[in-house]
Amino acid sequence: MLHGKRILLIVAGGIAAYKSLELVRRLRERGASVRAVLTAAGSQFVTPLSLSALTEDKVYSELFSLTDESEMGHIRLSREADLIVIVPATADLLARMAQGRADDLASTVLLAADKPVLAAPAMNHRMWLHPATQANIATLTERGVIFVGPDEGAMACNEHGPGRMAEPQDILAAVLNHFAASAPLAGRRALVTSGPTHEAIDPVRYVANRSSGRQGHAIAAALARGGADTVLVTGPTHEPDPPGVTVRRIESAREMLAACQEALPVDVAVCAAAVSDWRPAAAADQKLKKKGGEAPAIELVENPDILAGLSEPGNRRPSLVIGFAAETENIVEHARAKRARKGCDWILANDVSQGTGTFGGAENTIHLVSAEGEEAWPRMTKTAVAERLAARIAKHLEEPA
Ligand code: C5P
């Protein structure tokens, strides 16, 4: 399945371009979102209107279109894709890629891209067998471009030989294979908590904290990118929903606990939420009124500890439970103690002594504390922390118990 996967399709100019329409349909049926770049030559074979109708998005063609460059620069086109697919990859486009040219939108996107590229070549068999093309293919293969096809067979030019573009179902299979290989968490279920909780005082007031939810949301996104079926239980945040993740929005700690229990069983639970330690003992039904200078006393009671609850032994315990700890000193010692107290497997201790807190900052300095010992990670962005954590989780789950 391709749910949450974003494909940037580059349609170059060849008779096989019509097959790109069929491919869009098949990719979208599998849950992928598809955005298309159409070269000038490509538009001689398929119309922007057909591509636009099938992708349900606008089609990008112009390198120097002012609106496209301000709203959707060529850098963003590849940044917002998980995979670039070239259908058909013509001899000319392959040559321009091999040379690093940037003379139209397609070649510029390809030069600026740091995303995997899958190309389905299509051309006359003599063009395909020409040493120039073969040298270009060798160069591009060396650089990591994945090729599907070409097939051998009858060609539009009434000749026979290698150069026929692979059929849409074979290109789809190559796309699925690519994601399966890059999905070390496929078949796993993951639960992530994120954000603050809001604990009602009365219908309009609450107790909360400054958690942004950035780290938790980034972890949910990374687990989903790794192929895990991911549920994100989140308190109120300004973060957008991560693609491909099932999002459960809650307000209070008790709602978070209920949503987490509902998400079980899972293979891995990551508790990144800043759950409010306490809540008002009873939320007032009506808005509290000022009473002649006397401030109301709010009695607080302790909230359930979700991480500790998930860590309790039992047949629904996830095989890996991970918690966070924000520390300013004796980071590893405190994290070890917290790990023992909560009963979880790993604690990611955030070093918040260097000015960038857990709350709101873009970076984290992590110490991973587990039964095996301690790993100090270099300071990195929260997205990089999420990627590294997802990779560590995948490796851990692969290891026999
Ligand atoms: O005890 P402390 O709040 O420092 O522990 C932090 C870790 O415990 C975090 O992983 C947080 O998500 C989790 N936690 C929880 N439920 C609570 C309090 C903390 O899941 N009520």
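View A. Pro88 is placed in strand β4 (residues 83-89), where strands are DSSP runs of E with at least two residues and helices are runs of H or I with at least four residues, both numbered from the N terminus. The peptide bond leading from Val87 to Pro88 is cis, with omega near -5°. The model is predicted, and local features need pLDDT of at least 70, side-chain atom pairs count only at pLDDT 80 or more, and totals for chains, interfaces and linings use all residues. Residues are numbered from 1 along each chain as its sequence is written, and side-chain values use heavy atoms, with hydrogens and water left out.

View B. Gly149 and Pro150 are joined by a cis peptide bond with omega of about 5°. Pro150 belongs to the loop between β6 and β7 (151-154). Glu56, although not a glycine, has a positive phi of about 55°; the loop that holds Glu56 runs between α2 (48-55) and β3.

**View C. The open sheet of six strands.** The strand order is β3-β2-β1-β4-β5-β6, with parallel pairing; two strands pair if DSSP finds at least two bridges between them. Each of β3 (59-60) and β6 (146-147) stands at an edge with a single partner strand, so one side of each is left without a neighbour in the sheet. Strands β1 (residues 6-11) and β2 (residues 33-38) pair in the parallel sense over six bridges, and Ala36 in β2 is the bridge partner of Leu9.

View D. A polar contact is a pair of N or O atoms within 3.5 Å. A backbone N or O atom of Cys271 lies 2.6 Å from an oxygen atom of the ligand, and a backbone N or O atom of Phe324 lies 2.7 Å from a ligand oxygen atom. Lys342 contributes a polar side-chain atom, 2.9 Å from an oxygen atom of the ligand. The protein covers 84% of the 450 Å² of accessible area that the ligand has on its own (Shrake-Rupley method, 1.4 Å probe).

**View E. The shell around the ligand.** The residues around the ligand, each with a heavy atom within 4 Å of it, include Ala273, Val275, Asp277 and Lys338. Two or more shell residues come from each of α12 (306-311), β17 (320-327) and α13 (331-342). By class, the shell has seven nonpolar, one polar and four charged residues, with Gly counted as polar, Cys and Pro among the nonpolar residues, and Asp, Glu, Lys and Arg as charged.

Notes
Polar contact = N/O pair within 3.5 Å; in protein donor to acceptor, adjacent residues only side chain to side chain.
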